[in-house]
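Hi,

Here is the structure I promised to pass on. Have a look at it first, and my notes follow below.

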Amino acid sequence: MGNSCRKHCQAIRRLLPCGNNGTGKTEVIVIPTEQHKPTYVALYDYQARTPDELSIFAGDRMQILNSNQQNWLKARLLSPRENLEGYVPINYVAPVTDIASQPYFFRNFKRTDAERQLILPGNGVGSYLIRESESQVGNYSLSVYDGTHVKHYRIHKNDNDGYFITTRTVFPSLQELVTYYSQNADGLCCRLANPCLRNEAPLPPDLCYETADHWEIDRNSLKFLKRLGHGQFGEVWEGLWSDTISVAIKTLKTGTMKPQDFLREAQFMKNLKHPKLIQLYAVCTLEEPVYIITELMRHGSLLSYLQNDKGETIGLPQQVDIAAQVSSGMEYLERQNFIHRDLAARNVLVGENSVYKVADFGLARVFEDDAIYLARNDTKLPLKWTAPEAICDNKFSVKSDVWSFGILLYEIATYGKMPYQGMSGREAHEKVMMGYRLPQPPNCHASFYKIMLDCWKEQPENRPTFDTLQWRLEDFFEVEVSSYYDPKEFIQ
Ligand code: AMP
């Protein structure tokens, strides 16, 4: 874009949520004037949910007219249904000139995500994807499935904007690099065949464009279909919003908290967006019981999922993967300085394709302390999950969440056994205060247990951060070392 062009453009600084770029960093979005509207392409089909939205089909091209809302863009279709206008979710479209519009590019994908995705049925030898490198900002990585393993290659960029895996062959664009390695493997584990299959479309960032800002919704727009469970504070239902969109509806027992306290907290929770956190969509707080509307997770709580599996399909790699996904959501909360306060397997939910997300973050704060510590039946008390300094001095911090994460690892390793079995919460707390720690569960990998012990260090500052926990879990099997290509030939 030339200087004169720049003059006509208006720069808007805004915070992109993690669901978009995974970083939560401030980014400058340039919204051009009439002559310079950028062309975008639809990555997935989206069915308009309200009259101010626009239905799009994957491949549709459109111009972006404005973006006055963080997660929604106002678009005008170019073809084939020219001039139809409306809002589209930002994660369903990408600029045509952007690599994100390519079928092989996977936005916000980590190495572990690539490994999970490429081995799904439907992918075969040579299935591949390109993602942003985690370790080298600005560079890309190519992940390829050779039929048995997923291999990763770094794609470097030189000063002349050339892309290369090995300095022997440099390409002016990523597309040309892909085309070249589709024709000959030339040192890769195999030729590139088909772009990795995508999951179904991602969740839109909100129930609809309107609820992005107005998320107190009419309770009559909800239909209750099936009771999924009930907790100490109310029931959880599978339901439909506006007769079409599947949601989970949490009904809070009358009198468990003050609606205005909840609303204050929910305001903050609504803005927390991350692929490993349950998305809060809307609330009904004008009358009791208060409803919380969130995304629906088909396989329910991690606790019952582990207990039902008992090790039949979940082995060490899956256990590490669950822990890594939870730590990724918690790392995001850590960056936002947000304390969960009730992290446990019962508050992690399981979705399709082995996706695990953290739920109920921040809710514990809304309830009276008494409700948390005294009202619950002693065997269910979160005392067993709560760090000693939080129990004794009410010192909740990210590091007390790290303690709870250690207990969650224990639950994962034991397929959902009650920690400190045979002890009451109080007894467990007293023993912990005297230095006792849960023993290494049978069949638990020593390194996995070592992570638990680190989470249970007496001094909170000696416990690892979620950032550290995340990379320790993601690098658990040292895949990095073994699967990046031969260092003599390929640049690391
Ligand atoms: P809770 O009251 O949050 O402990 O939830 C009780 C049970 O309802 C959980 O153990 C899950 O089985 C289920 N549940 C809660 N939230 C959801 C959700 N968003 N999607 C699907 N099931 C849920």
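**Strands first, then the ligand**

Tyr128 has Val144 of β9 as its bridge partner. Before going further, keep in mind that this is a predicted model.

That pair belongs to an antiparallel pairing of β8 (residues 128-132) with β9 (residues 140-145), which runs over five bridges. Four of the five residues in β8 are buried, so the strand is largely enclosed by the rest of the structure.

On from there, β9 also pairs with β10, again in the antiparallel sense, and this time over six bridges. Within that pairing, Ser141 sits opposite Arg154 of β10. The two strands make a hairpin with four residues between them, and Gly147 in the turn has a positive phi of about 100 degrees. As for β10 itself (residues 150-157), six of its eight residues are buried, so the rest of the structure largely encloses this strand too.

Next comes β11 (residues 163-164), which runs antiparallel to β10 and is joined to it by two bridges. Lys157 stands opposite Tyr163 there. β10 and β11 form a hairpin as well, with five residues between them; in its turn, Asp161 has a positive phi of about 60 degrees.

How many residues surround the ligand, and which are the closest? There are 14, and the closest are Ala248, Lys250, Glu295, Met297 and Asp360. By type, the shell splits into six nonpolar, five polar and three charged residues.

Some side chains put polar atoms by the ligand:

- Lys250: 2.5 Å from a ligand oxygen atom
- Asp360: 3.1 Å from a ligand oxygen atom
- Thr294: 3.4 Å from a ligand nitrogen atom

On its own the ligand has 480 Å² of accessible area, and the protein covers 82% of that. The elements giving two or more residues to the shell are β13 (222-231) and β15 (245-252). Of the shell, β13 supplies the largest share, with three residues.

One last thing, on the cysteines. Searching the whole structure turns up zero disulfides. Cys208 counts as buried because its relative accessibility is 2%, under the 20% cut-off. Cys444 is buried as well, with a relative accessible area of 10%.

That's what I have for now.

Cheers

Notes. Residues numbered from 1 in each chain as written. Predicted model: local features only at pLDDT ≥ 70, side-chain atom pairs only at ≥ 80, totals over all residues. Heavy atoms only, no water. Disulfide = S-S within 2.5 Å. Buried < 20%, exposed > 50% of the residue type's maximum accessible area, 1.4 Å probe, protein only. Near = heavy atom within 4 Å. Polar contact = N/O pair within 3.5 Å; in protein donor to acceptor, adjacent residues only side chain to side chain. Areas by Shrake-Rupley, 256 points an atom, 1.4 Å probe, with all protein chains shown as cover. Nonpolar A, V, L, I, M, F, W, Y, C, P; charged D, E, K, R; others polar. Pairing = 2+ DSSP bridges.
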